[in-house]
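Let's walk through how two parts of one chain meet. Have a look at the model first, and then we'll go through the details.

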Amino acid sequence: MYRYDEFDARLVGERVAQFRGQVERRLSGELSEEQFKPLRLMNGLYLQLHAYMLRVAVPYGTLSSLQMRKLAHVARKYDKGYGHFTTRQNIQYNWPALVDVPDILDDLADVEMHAIQTSGNCIRNVTSDQFAGAAADEVEDPRIWCEVIRQWSTFHPEFTFLPRKFKIAVTASQNDRAAIRLHDIGLRIHKNDAGETGFEVIVGGGLGRTPYIGHTIREFLPKKHLLSYLEAVLRVYNLEGRRDNLYKARIKILVNAGGVEKFTDLVEAEWAAIRKSEIDLPGEEIDRIRAYFSPPDFEDLPAESAALEQKRTSDGAFARWLRVNTVVHKAPGYAIVNISLKPVGGIPGDISDVQMEAVADLAAQYSQDEIRATHEQNLVLPHVKKDDLYAVWQALTAQELATPNIRLVSDIIACPGLDYCTLANTRSIPIAQRISERFADLEQQEDIGELKIKISGCINACGHHHVGHIGILGVDKKGEEFYQITLGGSGAEDASLGEIVGRGLSSGDAVGAVEKLVDYYRENRQDNERFIDTYRRIGADPFKEALYAAA
Amino acid sequence: MPLLKLFGSNLVPALEEPLQEVSLEDWCDNPQAHADATALVIENDIGVEHIAEDLSSFGIIILKFPTFKDGRAYSQARLLRERFGYTGEIRARGDVLRDQTLFMARCGFDAFEFAGDDTAAASAALGEFSLAYQSAADRMEPVWRQRLDRAVAA
Amino acid sequence: MKAITGNRLSDGAVVYLGDNDLWTEQKSEAARFDDGDVAPVLHAAQLRVREITDAYIIDVSADGAPAGRAIIRETIRGAGPTVRGDLGLQAECCA
């Protein structure tokens, strides 16, 4: 993975010093809250319901053991012993004191981490495929380009006061694990007919109160031009994006209001004017960054492990975990391990300091020192030898991190909701907890198969409900929590937006509704159809009927 | 509202000279009527390309920040400097705060109608970062070029 | 009835304006105001920028409990996350 040189380290250090000064000015009263707020936001510091919240960047979801241990340390020393992994591969702390934040940032800087641009109307932390560098289906490691974008976008002088926040995701696989069609810019590395690799550039996706699937504005962009092309998109957005209405300020509105063609013409014209300038990195610098992402020295192993096969047959619980939570690795004899942060009845994405230390230990011993965070609020050990899987499973089980439910009905995305968030209308987490308890039977979960439930506590859609196979949106009605169901969304390569079905339900009824929908699916599915496939085949009406008929 | 000007890497208080200002719209309507104008004021929702031909008529161009959160003038300034080769003064007007002056300077601003009192602090803020990752309209060497230079020297 | 709440600047803790113009973490100690009297109190509280941030008015019942439209929000805000009974003020309470 990427390591800072003295330049990267100096910039992060200078940022911490700057923020320390800004905090002092706020505490002394020199800065008003109005003046301070954008400054703290650009360092990831929010004010939530109970306390401040600090969002720490995990660039493109990649962590070392050392970094994970430092995250555990921050949770212990400055917070209440836990952290929360988000849908943007970041981690949030829910209880830091303002006066401690400069020290927290100093501690994080020691391990090449920061909270830069994790909020504010700027280019946010770049996200990527959590299996990058390990996936059998990738064209190349997308993180090289994520790091290129990270550096270019950090303290970009022109794009720090955009109309609204700006999120970029990069993948190099046909199987979209990074939700690239739902980002302000999604980049997909692929090969053209001539065998060269380049980017498909997708612009204008997003969730929130006006969800859109992104549009491809360029099928193939040679890789060396990435930054100049991004700069052209951002400049058009900075100048043309709406600033009169907070809810119409994202680039998706600009792209869709005037039409994709017009937007594309503006970008191409701007790009033609700047592509020869010094925005794009020279090959030497790209090679320097690429070297950090060269594959680890995988051992020359047989594709199958006898030790693993023996345990698979003798231990049914292990076999289930293998089936559900591990993924094919590109190197023979290795596997990708998903760590579930969704125990039955648990809080999606939450992890204690003790669990963080355990994951760090496992990564150090078994996974080339690497950990990934996923946009579905889980973790990954990307490079585990098949021979070691049993030991890893046992260790994860001891920490309640081995729930075999990846992609299944209890692997739920939920925003923090009204338990933490000052913008929320309703709680989200308790709904996720009740659903996962209702479907606690692992055999039943596996039988149901892939089913993505996503829950948001308000229309801002941090829980991605628009793209849940089953989405749940919390709405406040005169001081009471109600939940609206959407069906048929997807955030993957088959991206689609869900359709609202019927009236809002009470929290208890919402959990029952999910059960009815799942029952209906199981009665009507054909062959190996997933829930979403059945829904797409037979349409919304029968599901609606099943949902409201009995009621 | 002190006027600060960029000298080297410092912001220095400058004397406020009386300006004869003209808006871009008025200038475009009738340049002859504004022949004595010394400063051109461009609103931040107008494309600077409209004045590309006449830039040499002005020693001062004023770009606006209605609030510090409205960052359109950053792009306008870069376009004036980098695309249209404007070498006169670009002055920031409006909500011009200490914590944004470095970004402004990097985009080509060299004069600031500073909205605070502590001009020494504003100048110090320019030095809070000694490096930049990306090239812009100023003379800061992007980090990638410093890395290349170092690799060549080694 | 109305009360004034906000978050303490230094650590973000939820506080209420109590008697003698002191901030208290105990909702039960919050000073209560008639609807017509509360605006100037809020204004004065908002000027205490070194102590407090995001001060605003909440509805309370005569016994000081949250009331009105924001009842769920203000109850959770005062007590702590409903999904973590071990955290927040609810954890310290004898109830």
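Domain 1 of chain A and domain 3 of chain A bury about 1800 Å² between them, and 53% of that is on carbon and sulfur atoms. Buried area here is the accessible area (1.4 Å probe) that two parts lose on being put together, summed over both. On the domain 1 side of chain A, Met68(A), Arg69(A) and Phe85(A) lose the most area to domain 3 of chain A, together 31% of what that side buries.

A few ground rules: this is a predicted model, where local features need pLDDT of at least 70 and side-chain atom pairs count only at pLDDT 80 or more, while totals for chains, interfaces and linings use all residues. Residues are numbered from 1 along each chain as its sequence is written, chains are lettered from A and ligands numbered from 1 in the order in which they are written, and side-chain values use heavy atoms, leaving out hydrogens and water.

So where are these domains? Chain A is split into domain 1 (6-110), domain 2 (142-290), domain 3 (306-398) and domain 4 (413-548), with bounds from an automatic or database domain assignment. The C-alpha centres of domain 1 and domain 3 of chain A sit 29 Å apart. Their contact (heavy atoms within 4.5 Å) takes 20 residues from domain 1 of chain A and 23 residues from domain 3 of chain A.

Now for the charges: the count between domain 1 and domain 3 of chain A is four salt bridges, each a side-chain nitrogen of Lys or Arg within 4 Å of a carboxyl oxygen of Asp or Glu. Glu357(A) pairs with Arg69(A) in a salt bridge, with the closest N and O atoms 3.8 Å apart.
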